[in-house]
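Hi,

Here is the structure I promised to pass on. Please have a look at it before you read my notes below.

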Amino acid sequence: MATALLYLITCLLLALAVAYAAEDTSATNQNLGKTMLTAEKTTKDSCEKYCGSLLIPYPFGIGLNCSLNPFYSVTCDNSTYTPPKAFLISTNTTQNTSEIQIPRRVHEIVNITETVIHVRNRVIYQCPNDTVKRLDKDGMILPIDSPFVFSNVTNQVISVGCGFSNSFQGDVEIASSARCTKLDEVKAGNCTKNNGCDAESFPQPVQEFNYSLSRPNPAASIVRCGYGFIGDVNAFEFRGRVDTDDPAVFIDRIQKDVPLVIDWVIGNQTAYVRQNNTECSDAGGGIAGYSCDCIRGFEGNPYLTPGCTGSSF
């Protein structure tokens, strides 16, 4: 009898535990709800929601009248490209250095999330012993006083190829130097500096940087080509010697798979955009501004009227 009673009590306790866990999971899922990316209303009325297959959520918008302000305005080019491509426009067009003049190009957007913009990467390269065209200097810039910065959390300064150095000049100067003395040291995997690949972080976010690729001793050729770029190190996979053989293949892969990451917020110079049932906090991390979320139990786009909807619990 006692054994049966104990068994019954155990079953009841297990049932209560399962029910509590299910209720907690349901509450968590409800709290997650629909975000600015999945809400029924993600853009201003009468504004285009997509550029091709890319969602452009408010405060961004296609055209000045559809964004919060010109900083968040996106150009959707459906006349030059099929499918269309979206671009974040820089107000600065050129940059002068003591050596070169670098044209300031627009940034092609590949994804927008609640906190970051992924833009198409640009790779500089050299193939010293070949007649391959080379691009060994470049620069990136964001609009001055914009609520955007190149992230120092996920972006790193990456160099690939034995003896190549990728020099990053922003608010600080950082160099990544890929090394190897023989071919069997060029191994796929994480960049270790001595395997023909190096990745170095920079200490703070920046709105502008230049980068250049150099090779102190081009005659000591172990691999065919070397490359430099700034991008999301978590998205980069070093494949060893094959990465140094064909610049067209390598550059195409990096531009498709390894974005340059831009952090975005609502700038402090912007009129306060907090909507109903939202909570906002300072961004921190070297970028002036704030970001907003729906409060628990509500969902929607926290920057767009009528704000977040639902019911508290």
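This is a predicted model: local features need pLDDT of at least 70, side-chain atom pairs count only at pLDDT 80 or more; totals for chains, interfaces and linings use all residues.

Residues are numbered from 1 along each chain as its sequence is written, and side-chain values use heavy atoms, with hydrogens and water left out.

The protein has 2 helices and 23 strands (DSSP runs, H or I of at least four residues for helices and E of at least two for strands, numbered from the N terminus). Of its 313 residues, 44% are buried, meaning under 20% relative accessible area with a 1.4 Å probe, protein chains only.

Now to the rings. Phe, Tyr and Trp (its six-membered ring) pair if their centres lie within 6.5 Å, and planes over 60 degrees apart count as edge-to-face. By this rule there are 15 aromatic pairs. In one of them, Phe60 and Tyr72 have ring centres 5.4 Å apart and planes at 75°, so the pair is edge-to-face. Phe60 sits in the loop between β2 (54-55) and β3 (61-62), and Tyr72 in the loop between β3 and β4 (73-77), so this pair ties together parts 12 residues apart in sequence. Both Phe60 and Tyr72 are buried.

Phe229 and Phe236 also form an edge-to-face pair, because their centres are 5.4 Å apart and their planes at 80°. Phe229 and Phe236 are both buried.

Finally, ring pairs join Phe60, Tyr72, Phe148, Trp264 and Tyr303 into a cluster.

Best wishes

Definitions and conventions
Buried means under 20% relative accessible area, exposed over 50%, partly exposed in between (1.4 Å probe, protein chains only). Rings of Phe, Tyr and Trp (its six-membered ring) pair if their centres lie within 6.5 Å; planes under 30 degrees apart count as stacked, over 60 as edge-to-face and the rest as tilted.
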